Amino acid sequence: MSSALCRPLPSSGLRSICDVSHPLSAEELLSPGPESEPEPEPAAGGGDQDQMLPNGTPVETSSPASSSSLLNRLQLDEELDGETKDLFVTVDDPKKHVSAMETYITYRVITKTTRNEFDLPEYTVRRRYQDFDWLRTKLEESQPTHLIPPLPEKFVVKGVVDRFSEDFVETRRKALDKFLKRIADHPVLSFNDHFNVFLTVKDLNPYKKQGLAFITKMGESVKYVTGGYKLRNRPVEFAAMGDYLDTFLQKLGTIDRIAQRIVKEQAEYLVELREYGPIYSSWSAIEEELNKPLIGVSNCVGSNCIALEDLSEDMSDDFLPVLREYVLYIESMKNVLRKRDQVQAEYEAKLETAAYKKDDKQGTPTSVEKCQDRVECFNADLKADWDRWQSNKRQDFRQLLMGMADKNIQYYEKCLAAWESVIPLLQEKPEVTSEGHS
């Protein structure tokens, strides 16, 4: 192979990504002019998230040594640059709709912004799950070099069978809210035209019917590029990413399985506790001298039940969903890595073909240069999104673990206080009547 044709392939490109149009983007196929994209920036801080735990628990607790007080001193966004936010999105107010054809849930999406790309400072629309799915599909097609945040599973959340139950709907609402917030915080995805349409247009149906043939074309464009060509050597940094994702997925899977077993065992333990406490109360009716201590123990067990319910609910509602979100995130990241490998394989195949058709009078073919640009764009965008994802992951899990520590401290404090309240009742000596003394 000629050295004139074998140009070095830097992993992050030779020029700024702002100066390179995305050869794989949907806009290039639709418009003749190149479109530059904003340079990815470090992740924004979590706003007010550092003021409370992810389970909604205020930072103030009765115990000065609790993790909530530690949370005040822990700067969860210390590694973030605190970029100014100009786009805020919220998902709330789920409503059930029943028609002759189907039953479904819609969510209110509120957008507040100061960006010039929006005609108004505030928008309110209603969206159903399939609308969010449409948005994610569009983002994957138009921004193939970027990591798209995952959506919650369509039918299975928390193992709830009834997708119209209050728990299911609320868990999904939280996940959809996080999905939009992650897109709104992204320096490239947040400027996507499809995202703008999703946030501002009342009726999405006309937009959903557009570009079906184009979608098929874009989907096929990524599949055919390798043409059976096997990637020679994935760059070390991207190979390390793949290895990390495999290990991280294994760890999350193990934690998730154990956590689900703990939740199940806690539920079974609660059933026993609910039967255990009333026994002491009924026993007190026939024990005059032990009446107060027995009632105290019964009340103590009841307090322990309430505390355990809160602890178990926190694990089900806050801890497990984060694990599942990151399992889906890993799959999304692996998908982007596969696309990057396919584009590199296309570049290597065309480079090799050009070497066999060497002509000293001609330089590197334009098609090969375009393929290298694609690889450079992919490398730069993927590395930027990887850094952003790692930063968000560290923040999310620090908040998650801090919340878990706080909830466990509160649980044991409540149990300790309940049992301590029984001790004075047990230390009281029964009053001895004069008749009994004689």
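A salt bridge here is a side-chain nitrogen of Lys or Arg within 4 Å of a carboxyl oxygen of Asp or Glu. With that in hand, here's the quick tour: this is a predicted model, and it holds 20 salt bridges.

**Salt bridges between helices**

- Let's start with K208 and D131, whose side chains meet in a salt bridge at 2.4 Å, N to O. K208 sits in helix 6 (residues 205–208) and D131 in helix 3 (residues 129–142), so this pair ties together parts that are 77 residues apart in sequence. Both K208 and D131 are buried.
- Next up are R182 and D396, with a salt bridge of 2.7 Å, N to O, between their side chains. Helix 4 (residues 166–184) supplies R182 and helix 10 (residues 366–427) supplies D396, so the link spans parts that are 214 residues apart in sequence.
- How buried are those two? R182 has 13% relative accessibility, so it counts as buried. D396 is at 14%, so it counts as buried too.
- R182 and D396 also belong to a network of salt bridges that links them with K178 and E325.
- Then there's K383, which forms a salt bridge with E237, the closest N and O atoms being 3.5 Å apart. K383 is in helix 10 and E237 in helix 8, so the pair ties together parts that are 146 residues apart in sequence.
- K383 counts as partly exposed because its relative accessibility is 25%. E237 is partly exposed as well, with a relative accessible area of 27%.

**Strands**

- Getting from strand 1 to strand 2 takes a hairpin of four residues.
- For a spot to look at in this pairing, find K96: its bridge partner in strand 2 is I105.

- Where does L290 sit? You'll find L290 in the loop between helix 8 (236–284) and helix 9 (291–356).
- L290 has 39% relative accessibility, so it counts as partly exposed.

Notes. Residues numbered from 1 in each chain as written. Predicted model: local features only at pLDDT ≥ 70, side-chain atom pairs only at ≥ 80, totals over all residues. Heavy atoms only, no water. Pairing = 2+ DSSP bridges. Helix = DSSP H or I, 4+ residues; strand = E, 2+ residues; numbered from the N terminus. Buried < 20%, exposed > 50% of the residue type's maximum accessible area, 1.4 Å probe, protein only.
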